[in-house]
Amino acid sequence: MNLPRFIALIPAAGVGARMGATVPKQYAELLGKPMLEHVMDTFVDCAQIHQIFVVVSADDAYIEDIPTKSRTQILRCGGATRQASVTNGLQAMQSQVNANDWVLVHDAARPGLTVALINKLIAAVKDDPVGGLLAMPVVDTIKRSDAHGHADHTVSREHLWAAQTPQMFKHAQLLSALQTGSHVTDEASAIEALGLKPTLVEGSPRNFKVTLPHDVLLAELYIKGIA
Ligand code: CTP
Ligand code: MG
């Protein structure tokens, strides 16, 4: 079997409903450059990444405005959910990758990712049989509410993590896990449903997911290196 390579898959086929901007949020400009392009450039700058695939929707009207990048292919196969977009992307790249290649799935909406974080994840996971993901240990006191928004009880934050991306799994195993699993919000949940335990690797606050309009300013501060 060939040595596994490291492949990036960037789902970018969402509409950004919570952002409520005139363009889908992956095309919102941060410091004059679309969010998606920041993410593409970070993977291009990472020498360990062999190839980069970006999944957009079939009717995407903005991707052509982003300059062509080395080692990068655009796949116009976005689906109705993030899970469908990732599954379609894994299928579309299948003829170009090996079953045991690692795929690093990363949200276009996390422009704070750095080459150092990608390298940290790869170093921590490349010899693991299952795979893993960046995540942040929960630092706040966590409350579970009743149906009326009152604190019902406090949940221990011991062993609690907030998942980030990239999430790194073997191509064939991830594809079959996503196809057999029910609805999941990240790749790791699909792997966990197989009874496997992904490795949690500490990420960074700067790798947060841009979701609401006020997140743009904070993302720009991180990219500038101020925050
Ligand atoms: N995504 C995707 N295909 C979908 C939905 C989401 O590729 N059908 C991508 C988004 O473009 C984003 C990532 O998955 O890069 C994380 O999703 P999220 O932050 O929820 O983005 P949106 O779904 O676009 O935003 P919202 O949920 O506010 O509509
Ligand atoms: Mg969404």
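**View 1. Elements that line the largest pocket.** In this predicted model, α2 (82–92) and β10 (161–170) each supply at least two residues of the lining of the largest pocket. Helices (H or I, at least four residues) and strands (E, at least two) are DSSP runs, numbered from the N terminus. β10 gives the largest share of the lining, four residues. A pocket is an open set of points, on a 1 Å grid over the protein atoms alone, where a 1.4 Å probe fits, with protein on both sides within 12 Å along at least five of seven lines; lining residues have an atom within 4 Å of a point. The space in the largest pocket is about 710 Å³. Of its 31 lining residues, G14, R18, K25, R82 and K209 are the closest to its centre. A volume is the space filled by probe spheres set on the points, and grid points are joined across faces, edges and corners. By type, the lining has eleven nonpolar, 13 polar and seven charged residues. Ala, Val, Leu, Ile, Met, Phe, Trp, Tyr, Cys and Pro count as nonpolar, Asp, Glu, Lys and Arg as charged, and the others, Gly among them, as polar.

**View 2. The second largest pocket.** The second largest pocket holds about 160 Å³ of space. Its lining includes L133, H159, W161 and D186. β10 and α5 each supply at least two of the lining residues. The lining divides into six nonpolar residues, one polar and three charged.

**View 3. Surroundings of ligand 1.** Among the 18 residues around ligand 1, P11, G16, A17, K25 and S85 come nearest. A residue is near a molecule if one of its heavy atoms lies within 4 Å of it. An oxygen atom of ligand 1 lies 2.8 Å from a backbone N or O atom of P11. For A17, a backbone N or O atom lies 2.7 Å from an oxygen atom of the ligand. K209 places a polar side-chain atom 3.1 Å from an oxygen atom of ligand 1.

**View 4. Strand β4 and its partners.** Six of the seven residues of strand β4 (residues 49–55) are buried. Buried means under 20% relative accessible area, exposed over 50%, and partly exposed in between (1.4 Å probe, protein chains only). β4 pairs with strand β1 (residues 6–11) in the parallel sense over six bridges, and with strand β5 (residues 72–75) in the parallel sense over four bridges. Two strands pair if DSSP finds at least two bridges between them. I52 in β4 is the bridge partner of A8, while V55 stands opposite L75 in β5.

**View 5. Helix α1.** Helix α1 (residues 35–45) is largely enclosed by the rest of the structure, because ten of its eleven residues are buried. Among them are M35, L36 and F43.

View 6. Most residues other than glycine have a negative phi, and most peptide bonds are trans. L31 has a positive phi of about 50 degrees, and R71 has one of about 60 degrees. R71 lies in the loop between β4 and β5. A cis peptide bond joins T165 and P166, with omega about 5 degrees. T185 is exposed, at 63% relative accessibility.

**Notes.** Residues are numbered from 1 along each chain as its sequence is written, and chains are lettered from A and ligands numbered from 1 in the order in which they are written. In this predicted model local features need pLDDT of at least 70, side-chain atom pairs count only at pLDDT 80 or more, and totals for chains, interfaces and linings use all residues, while side-chain values use heavy atoms, with hydrogens and water left out.

Methods. Polar contact = N/O pair within 3.5 Å; in protein donor to acceptor, adjacent residues only side chain to side chain.
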